[in-house]
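Grab your viewer and let's work through a few exercises. Try each one yourself before reading the solution.

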Amino acid sequence: ALLTNTTGIDFPAAPIALVAGEVQRRSEARPAPRVAMAAAHMADGAAPEPAREDLADLHLFALPAPLDLPDRATKQVPLQGRTGVAFTRSYESVHAVSPRGGEVREPQAEHPEVRYAFRNDAAGDQAMPLPAGIARLYAADKAGTLRPIGDDRIANTPVGADVRLAPGRAF
């Protein structure tokens, strides 16, 4: 979750809860200031996840600890840190072909789009709806350090639904 404070007030040790779903708001949103972003990286899923509860027809995610959010600051906090998710990986290249033919060109090196797919159905109490937003993917290198391999935007995803991500192109 990306949190931005544009209120003019610092919030030291603030308890934070986020509402996930499609919340309609009739007021005009103020543009977010351009500031540097401090990212909270998870090491092997060690960061505690927010507590989730139903809130009317939405979901409420309460962060596990208070957060300092100074005025004009932006912070990124992980909502979920699942590791070892079973997935399928595929590669996709899309080309348009004209039925009338066309100019013959030299073959070009192709870098197909990498696609990951999984079902949001973690076992037991870990099953949780995924809020819309950016999903970041990490892979462990030979030393076991998690490295970013890309991200993609997802829609609100209920438990039991499929998730498809396209974080980049194969090299």
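Two exercises with worked solutions follow.

This is a predicted model, where local features need pLDDT of at least 70, side-chain atom pairs count only at pLDDT 80 or more, and totals for chains, interfaces and linings use all residues. Residues are numbered from 1 along each chain as its sequence is written, and side-chain values use heavy atoms, with hydrogens and water left out.

**Exercise 1.** Work out the strand order of the open sheet of 3 strands, and say which strands stand at its edges.

*Solution.* Start with the order: it reads S9-S10-S13, with antiparallel pairing. Strands here are DSSP runs of E, at least two residues long, numbered from the N terminus, and two strands pair if DSSP finds at least two bridges between them. Next, the edges: S9 (88–92) and S13 (162–169) each have a single partner strand, so one side of each lacks a neighbour in the sheet. Now zoom in on S9, which pairs with S10 (residues 113–119) over 5 bridges. There, Arg89 has Tyr116 in S10 as its bridge partner.

**Exercise 2.** Describe the hairpin of S11 and S12, and find the residue with a positive phi.

*Solution.* First, the pairing: S11 (residues 133–140) and S12 (residues 146–154) run antiparallel and are joined by 8 bridges. Then pick out a facing pair: Tyr138 sits opposite Pro148 in S12.

Definitions and conventions
Helices (H or I, at least four residues) and strands (E, at least two) are DSSP runs, numbered from the N terminus.
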